[in-house]
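Here is a friendly briefing to read with the model open beside you.

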Amino acid sequence: MPLVVSDSVTAVLVFLAKRFDPRSATWLTAIDAALAPLGALVERMATEARLRQKEAEARASRESLRQLSQRTEGLLEAERKQIARELHDQMGSDLTSIKIELQIAREDALGAAAGDAVEHIDAACTLVDSMAGSMRALATRLRPAVLDVYGLPAAIEWLAEQFGSRSSCEIVVEVDEGNSRLSDTQATVLFRICQEALTNVLRHADATRVLVALRATDGHVELRIVDNGRGLDESRLRSSQRLGVIGMRERAKAAGGRLQIVSPPSGGTEVRVVLKPDPSAGGEQRT
């Protein structure tokens, strides 16, 4: 008797008897009837096993993607840091040298009463000043020097100052003066999340007041960005998962923390990040 699973013969049951018994036909009929649900059971077990395997593969794939994302983000930050340093050091030095040379040429031209040459040299000096300003702005956008030189609290205050200069919204900054051991990666993650959250407030919230708070409590570091704007409903929050929110969540997860976004019915939005400082961090975060 065949055992059929998914329209395929999985096994064959063979019955042997020393002599024929008329009652055997009845037993064989009963066994044949029992094989159908047995085949369905075997098929279900095989399907569940395949599903478990696919779920395990999916989890492994998600973990691999998370690790890849973490590594990519780290490489990007390192590249930004290097480019910003080169822009600031090398190009800044070169542009300063060019300006000095032009100023000397201008003085020489003035002595020779060459008015046209002076105008051209003045225009060149103005162009060099503009290039230097653009270079500083680009370096700051890639990675603000204040984050590396003065630490996360000062960088957050700088972000708030930049936000205030672009918005009429009142911004309040509350920074814990206590030192917390944060790795460079963790400090960068908190800075980027704060930057993204403030950008979202500026673009979408229509808020009049924003609070940015950085505190160290119970062995954890907490960053909160709270606004009194229009808030987010569930549908908008779900749709934003594919945009900035998922990036903030992945950043927080990569740093060993968690991110929560709360938007109560009364309005406003709170972005909250909590992470545990890295015990292997090389130094204390400056305040």
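In which strand is aspartate 227 found? Aspartate 227 sits in strand 5, residues 220–227; helices (H or I, at least four residues) and strands (E, at least two) are DSSP runs numbered from the N terminus. Please note that this is a predicted model, in which local features need pLDDT of at least 70 and side-chain atom pairs count only at pLDDT 80 or more, while totals for chains, interfaces and linings use all residues. Residues are numbered from 1 along each chain as its sequence is written, and side-chain values use heavy atoms, with hydrogens and water left out.

- Aspartate 227 is buried yet has no salt bridge. Buried means under 20% relative accessible area, exposed over 50%, and partly exposed in between (1.4 Å probe, protein chains only). A salt bridge is a side-chain nitrogen of Lys or Arg within 4 Å of a carboxyl oxygen of Asp or Glu.
- The nearest side chain of opposite charge to aspartate 227 is arginine 230, 8.4 Å away.
- The side chain of aspartate 227 does reach the backbone nitrogen of glycine 229, at 2.7 Å.
- Beyond its neighbours within four places in sequence, aspartate 227 is in contact (heavy atoms within 4.5 Å) with residues including Val201, Arg209, Val210 and Thr269.

**Valine 210**

- Valine 210 belongs to strand 4, residues 209–217.
- Valine 210 counts as buried because its relative accessible area is 0%.
- Valine 210 and valine 173 lie 37 residues apart in sequence and 8.5 Å apart in space, C-alpha to C-alpha.

**Salt bridges**

- Side chains of opposite charge can pair when their charged atoms come close. The count of salt bridges here comes to six.
- Aspartate 129 and lysine 99 form one of them, at 2.8 Å, N to O. This pair links distant parts of the chain, with aspartate 129 in helix 2 (residues 115–142) and lysine 99 in helix 1, 30 residues apart.
- Glutamate 174 and arginine 215 meet in a salt bridge at 2.5 Å, N to O.

**Valine 14**

- Valine 14 is in the loop between strand 2 (8–12) and helix 1 (24–111).
- Valine 14 counts as exposed because its relative accessibility is 64%.

Methods:
Lys, Arg positive; Asp, Glu negative; His and termini not counted. Polar contact = N/O pair within 3.5 Å; in protein donor to acceptor, adjacent residues only side chain to side chain.
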